Amino acid sequence: MAQFVDWDLAAATAGALSKSGPAVSYEEATQVVHELRALTDEAAVHVAAYTGLTSQTPVPPVRVVDRRDWAKVNIAGLQRIIGPLVTRLSGDKEPGPLADAIGSRVTGVQAGTVLAYLSGRVLGQYEVFSGDPGQLLLNAPNIVEVERKIDADPRDFRLWVCLHEVTHRTQFTAVPWMRGYFLGEVQAFVDASQGGEHILERLRRGVATLSDALRDEESRVSVLDIVQTPAQRAVLDRLTALMTLLEGHAEFVMDGVGPEVIPSVESIRAKFNRRREGGNPLEKAVRRVLGIEVKMRQYAEGRKFVHGVHERVGMDGFNKIFESPLTLPRLEELGDPDAWVARVHH
């Protein structure tokens with residue numbers, strides 16, 4: 001199939017629109033990179049001791065990036081996902097050379113614009129699409145910017161962020177089946193798309209729905225809600241349950257380890273939560289439409305579930321969750337830790 005997204009243009013757009021980072025000298029920037037690498041190693045020791053999980057595969061070194069590099073890495077990952085999805089959605093119909101040339105450039109600009117926005121917000125990420133076993137990314141400009149905005153102790157805040165992101169890396173490297181399961185569910189989402197309806201018709205509907213969502217502050221519609229088919233909803237339920245678990249587990253670990261090694265962790269958590277909840281109406285609308293509001297709810301809901309399970313059966317009992325895909329929580333169990341405990345610890 002012809003190219004649907006001009007990925008080179010997407011990368012160029014993301015680079016051009018990405019906000020410049022906070023003002024730092026060359027010496028300061030070098031020190032931040034060095035410290036983030038060292039704190040990642042320190043966090044790995046704390047996470048292993050607290051969770052009882054250790055990586056079963058060689059772990060690539062952390063990659064400390066700026067906003068443009070973060071966007072480039074994610075564009076490479078998106079290419080692996082969107083190509084098959086668009087092929088299925090379009091029914092392998094060729095749009096014609098002119099429409100393809102124009103359409104791919106328009107979509108490239110749109111993709112680059114979204115990634116530029118996200119590149120200014122993401123502190124860290126365990127990126128699993130670009131290679132096995134994945135790559136831990138820390139977005140240095142954003143980490144420095146946030147620690148300054150909330151007036152946090154730099155070392156405490158950086159270690160706190162590293163604890164969260166290293167927990168994600170541990171989830172994918174200490175649980176041998178996790179990456180394959182996650183990628184398999186993403187593929188199942190693609191396979192469940194409808195091929196009979198032309199992609200342009202779906203995009204037109206999508207633009208209208210996005211417009212409605214932006215006007216309705218109570219709307220919870222996201223990009224995924226717009227493109228998914230009924231068959232994809234079951235897959236999305238499983239992915240939502242998985243991501244809520246992984247985010248909640250990372251939140252639980254970063255705060256559980258925190259008091260022992262981060263003196264100001266309670267202050268950091270309080271200030272950071274206020275920042276998450278803030279933003280002007282336009283900012284909130286963009287977060288909602290992109291699905292970021294859903295992710296923010298996952299942090300709180302997932303942490304509550306992990307805390308509930310840990311209270312009932314301890315860390316070893318909680319870790320049964322990683323035995324196989326069958327022991328992962330179902331979507332309806334996330335609000336009912338007792339139901340998961342009863343099913344798995346019967």
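**A walk through the model**

Modeller: Buried residues make up 47% of the 346 residues in the protein chain; buried means under 20% relative accessible area, exposed means over 50%, and partly exposed is in between, using a 1.4 Å probe and protein chains only. This is a predicted model, where local features need pLDDT of at least 70, side-chain atom pairs count only at pLDDT 80 or more, and totals for chains, interfaces and linings use all residues. Residues are numbered from 1 along each chain as its sequence is written, and side-chain values use heavy atoms, with hydrogens and water left out.

Colleague: OK, how many helices and strands are in the chain?

Modeller: There are 14 helices and 3 strands. Both are DSSP runs numbered from the N terminus: helices are H or I with at least four residues, strands are E with at least two.

Colleague: And what share of the contacts join residues at least 24 apart?

Modeller: Among contacts between residues at least 6 apart in sequence, 81% join residues at least 24 apart. Contact here means heavy atoms within 4.5 Å.

Colleague: Let's go inside. Which residues have the most contacts inside the largest nonpolar core?

Modeller: Phe 157 and Phe 322, in a core of 62 residues. A nonpolar core is a set of buried Ala, Val, Leu, Ile, Met, Phe, Trp, Tyr and Cys residues joined through side-chain atoms within 4.5 Å. Helix α10 (residues 230-261) gives the most to this core, with 11 residues.

Colleague: Where does that core lie relative to the domains?

Modeller: Domain 1 (1-174) and domain 2 (176-193 + 229-345) both give residues to the core, so it lies between them. Those domain bounds come from an automatic or database domain assignment. There's also a second, separate core of 13 residues, which includes Val 5, Ala 14, Trp 70 and Val 73.

Colleague: Back to Phe 157: what is it in contact with?

Modeller: Leaving aside neighbours within four places in sequence, the contacts of Phe 157 include Leu 123, Ile 143, Ile 150, Ile 268 and Phe 272.

Colleague: Ile 150 then, buried or exposed?

Modeller: Ile 150 is buried, with a relative accessible area of 9%, and it sits in the loop between α5 and α6. Not counting residues up to four places away in sequence, Ile 150 touches Phe 157, Ile 268, Lys 271 and Arg 275.

Colleague: What about Asp 151, buried or exposed?

Modeller: Asp 151 is exposed, at 62% relative accessible area, and its place is also in the loop between α5 and α6 (154-173). Asp 151 has a positive phi of about 55° although it is not a glycine. Most residues other than glycine have a negative phi, and most peptide bonds are trans.

Colleague: Which residues does a cis peptide bond join?

Modeller: Asp 132 and Pro 133, with omega about 10°. Pro 133 lies in the loop between β2 (124-127) and β3 (135-139).

Colleague: Switching to helices: what does Thr 244 touch?

Modeller: Thr 244, in helix α10, touches Gln 298, Glu 301, Gly 302 and Leu 334, not counting residues up to four places away in sequence. Thr 244 is buried, with a relative accessible area of 2%.

Colleague: And Val 166, where is that?

Modeller: In helix α6. Val 166 is buried, at 1% relative accessible area, and touches Thr 40, Ala 43, Ala 44, Val 47 and Leu 136, again not counting residues up to four places away in sequence.

Colleague: Which lining residues are closest to its centre?

Modeller: Of the 19 residues that line the second largest pocket, those are Gly 21, Pro 22, Asp 66, Arg 67 and Pro 141.

Terms used. 1 Å grid on protein atoms, 1.4 Å probe; cavity = no way out; pocket = protein on both sides within 12 Å on 5 of 7 lines; lining within 4 Å.
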